[in-house]
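Subject: Structure for your review, with notes on what it contains

Dear colleague,

Please find the structure below, handed over together with its sequence. My notes on it follow directly after.

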Amino acid sequence: MNAAVFTNTITIPKIKHPNPRNRKCKIDKNSLPFCHSVSIVLNPINLSLEEEIPPNALRRKLDSSWRGGFSLGVDLGFTRTGLALSKGFSIRPLSVLELRGQKLELQLIDIAQRQEVDEFIIGLPKSSDGKETPQSNKVRSVAGRLAIRAAERGWRVYLQDEYGTSTEAMDHMIDMGLSKSARRGRIDAYAAMMVLERYFSVAGKEVELVLPKHLDLQAKLRNALAQDADFL
């Protein structure tokens with residue numbers, strides 16, 4: 001099935017809350033609505049859907065007590081895909097998949113289900129000057145198809161600039177004392193871990209939400225956030 005998607009760079013909404021520890025929502029007719037300690041002003045009239053659905057890294061930055069939301073880092077390659085997992089403040093390499101196409105997408109969904117993940121952070125190839133590469137289009141295509149499958153479950157897909165993460169991963173493994181053969185087999189998973197490290201280091205402010213075009217899938221994303229007891 002061809003993916004019908006469009007993406008927009010997220011603009012982080014302004015933060016305002018009179019009482020960060022008040023976990024109830026209230027709306028004053030003379031002001032914007034305020035919702036608990038996450039402190040994001042959700043204004044459905046002025047905010048886009050992307051702004052209404054903040055990534056986990058931003059939610060955790062705004063509320064250090066929030067423990068919801070697990071993230072799966074994905075480093076897509078021609079033949080190998082590296083995965084890393086973030087649960088709370090712990091980030092670790094997970095596995096390397098040698099799959100492509102639909103089999104890869106279904107396996108990613110299955111792993112996310114087992115690991116209780118609610119967002120995918122996919123590395124987007126870029127050159128040193130910040131421009132996208134021919135590989136970027138292929139990653140966007142996979143991300144678009146995955147976003148449709150993920151949205152059916154209320155999960156989100158984001159793209160994160162991955163320039164330099166493979167080099168960072170290799171340096172990290174060398175510092176750990178891993179042998180050359182061990183590094184060769186795990187480089188993709190560690191590269192995915194570096195994608196997650198970068199994502200959290202900037203509190204998710206550089207990600208791009210891969211948003212399904214179909215309104216019913218957008219509604220599922222919005223409803224999934226509304227049902228998150230840790231967030232509302």
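R80 is partly exposed, with a relative accessible area of 22%, and in this predicted model its side chain meets that of E98 in a salt bridge, at 3.1 Å from N to O. The two residues are 18 apart and link distant parts of the chain, since R80 sits in the loop between strand 4 (70-75) and strand 5 (81-87), while E98 sits in the loop between strand 6 (90-97) and helix 3 (101-114). E98, for its part, counts as exposed, at 58% relative accessibility.

A second salt bridge brings together the side chains of E105 and R149, at 3.2 Å from N to O, and this pair also links distant parts of the chain, with E105 in helix 3 and R149 in helix 4, 44 residues apart. Is E105 buried or exposed? At 3% relative accessibility E105 counts as buried, because the cut-off for that class is under 20%, whereas R149, at 24%, counts as partly exposed.

The side chains of R140 and E132 meet in a further salt bridge, at 2.7 Å from N to O, and E132 counts as partly exposed with a relative accessibility of 38%.

Helix 4 deserves a paragraph of its own. This helix covers residues 134-151, which makes 18 residues, and it reaches 26 Å from its first C-alpha to its last, close to the 26 Å expected at 1.5 Å a residue. Its buried residues are Q135, S136, V139, V142, A143, G144, L146, A147, I148, A150 and A151. As background for reading that list, an α-helix has 3.6 residues a turn, so residues three or four places apart point the same way.

Turning to the aromatic side chains, the structure holds two aromatic pairs. In one of them, the rings of F120 and W155 have their centres 6.4 Å apart and their planes at 55°, so the pair is tilted. F120 lies in strand 7 (residues 119-124) and W155 in the loop between helix 4 and strand 8 (156-161), so this pair ties together parts that are 35 residues apart in sequence. Both F120 and W155 are buried. The other pair is formed by Y199 and F200 and is edge-to-face, with 4.7 Å from centre to centre and 65° between the planes. Within that pair, Y199 is buried, with a relative accessible area of 0%, whereas F200 is partly exposed, at 21%.

W155 also takes part in an arrangement with a charged residue, in that the charged end of R153 sits over the ring of W155, 5.9 Å from its centre.

The C-alpha atoms of E119 and W155 are separated by 5.4 Å, although the two residues are 36 apart along the chain.

T165 has its place in helix 5 (residues 165-176) and is buried, with a relative accessible area of 1%. Its C-alpha atom is separated by 7.9 Å from that of A192, which is 27 residues apart from T165 along the chain. Leaving aside neighbours within four places in sequence, T165 is in contact with A191, M194, V195 and R198.

Finally, some totals for the chain as a whole. Its secondary structure comes to seven helices and nine strands, and buried residues make up 49% of the 232 residues. Among contacts between residues at least 6 apart in sequence, 66% join residues at least 24 apart. The accessible surface comes to about 11,900 Å², of which 50% belongs to carbon and sulfur atoms.

With kind regards

Notes
Residues are numbered from 1 along each chain as its sequence is written. This is a predicted model: local features need pLDDT of at least 70, side-chain atom pairs count only at pLDDT 80 or more; totals for chains, interfaces and linings use all residues. Side-chain values use heavy atoms; hydrogens and water are left out. Helices (H or I, at least four residues) and strands (E, at least two) are DSSP runs, numbered from the N terminus. Buried means under 20% relative accessible area, exposed over 50%, partly exposed in between (1.4 Å probe, protein chains only). Contact means heavy atoms within 4.5 Å. Accessible areas come from the Shrake-Rupley method with a 1.4 Å probe; for residues, only the protein chains shown count as cover. The expected span of a helix is 1.5 Å times one less than its number of residues. A salt bridge is a side-chain nitrogen of Lys or Arg within 4 Å of a carboxyl oxygen of Asp or Glu. Rings of Phe, Tyr and Trp (its six-membered ring) pair if their centres lie within 6.5 Å; planes under 30 degrees apart count as stacked, over 60 as edge-to-face and the rest as tilted. A charge sits over a ring if NZ of Lys or CZ of Arg is within 6 Å of the ring centre and within 35 degrees of the ring normal.
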